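I opened the notebook to record what I looked up, entry by entry.

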Amino acid sequence: MRDTCVDYWNTDIWAGSSFSKTTYSNFEFGKHFHDYYTIILIEQGINEGFTEHKKYKIEEGTVLIINPGELHAGSSYQGNELSFNAFRFEEQYLKELDDIFQRTTRDIHFRNDPIRDQRLQAKLKQFFYESKRPEYRLSLECLNIEIFELLFNDYTDAIAHKHNTSSKHNYLNTAVEFINDNISENFRLKALAKHSGISTYHLVREFKKRYNQTPLEYLRNIRVEKSKNLLRGEDSITDIALQLGFFDTSHFTRNFIQNEGVSPSEYRQSI
């Protein structure tokens, strides 16, 4: 039985950002990725999972940063209760920091190893607390600068992470573009391989080697990410499911829960 609880909230200070608190015990998130950055602070319990190919087991007070496009999954250790806070932000949000820090944040890549830094932990704990309280607006803005000063100085890679764009991987870039352009279509693997200029066997093998997902898993993930924006609108959940190429509402719901821990209707009610 699913026992996940996710609470979402926003502040009017910054565009392109949101907060959440997730609590669960008997649930395992499937492999997925997002098109935004996520900073996670474990509040209670132990989270066991992986980011890209790095396995981790992180406890209360540990910080984990997930960059856009990084495949990850997680579960509560031995089924015990797990609670964590998350701050999600897009590149739009980072651009607002460019003027403050007099640097460019374009294509920045944060270290995705578990971070056990008491300074960062304390600031994030206060950050999440104050984000729900309008009277702390000025303090929250100051905390934001202090947190990202720590992250920029100590927890970014020297070279921004980018996918290999050599000619040998051009067919994978072409495949991803095709998937994104045909997100609502239930196309065949043969059509994807033909468009990419490679055999179906080599496409699946090389795609999984690079993205740690099959083309179908990647497509499902993109559909779930797109659905979160549509759920902010007025379209029915059935219409959204069909717009994005899911077979029906139950098919959409199963995939959404696997990525987000809550159903599309629960997500819509909480945002």
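Is Arg 116 exposed or buried? I found that Arg 116 counts as exposed, because its relative accessibility is 52%. I used these cut-offs: buried is under 20% relative accessible area, exposed is over 50%, and partly exposed is in between, with a 1.4 Å probe and protein chains only.

I noted the basis of the entries. The model is predicted, so local features need pLDDT of at least 70 and side-chain atom pairs count only at pLDDT 80 or more, while totals for chains, interfaces and linings use all residues. Residues are numbered from 1 along each chain as its sequence is written, and side-chain values use heavy atoms, with hydrogens and water left out.

**Salt bridges**

I searched the whole structure and got 12 salt bridges. A salt bridge here is a side-chain nitrogen of Lys or Arg within 4 Å of a carboxyl oxygen of Asp or Glu.

I looked up Arg 116 again: its side chain meets that of Glu 59 in a salt bridge of 2.9 Å, N to O. The pair links distant parts of the chain, 57 residues apart, with Arg 116 in the loop between α1 and α2 and Glu 59 in the loop between β5 and β6. Helices (H or I, at least four residues) and strands (E, at least two) are DSSP runs, numbered from the N terminus. Glu 59 counts as partly exposed, at 31% relative accessibility.

I then checked Glu 225 and Lys 228, whose closest N and O atoms are 3.0 Å apart in a salt bridge. Both lie in helix α7, three residues apart, about one turn of the helix. Glu 225 counts as buried because its relative accessibility is 7%, and Lys 228 counts as buried at 5%. I also noted that salt bridges with shared partners join Asp 117, Arg 119 and Asp 154 into one network.

**Cavities**

I found two cavities of 30 Å³ or more in the whole structure. A cavity is a set of points on a 1 Å grid over the protein atoms alone where a 1.4 Å probe fits but cannot get out; lining residues have an atom within 4 Å of a point.

The largest cavity has a volume of about 290 Å³. I counted 21 lining residues, with Phe 29, His 32, Ile 40, His 72 and Phe 84 nearest its centre. The second largest cavity has a volume of about 40 Å³. Its lining is Glu 91, Lys 95, Thr 105, Arg 106 and Asp 107.

Terms used:
On a 1 Å grid over the protein atoms alone, a cavity is a set of points where a 1.4 Å probe fits but cannot get out, and a pocket is an open set with protein on both sides within 12 Å along at least five of seven lines; lining residues have an atom within 4 Å of a point. Grid points are joined across faces, edges and corners, and a volume is the space filled by probe spheres set on the points.
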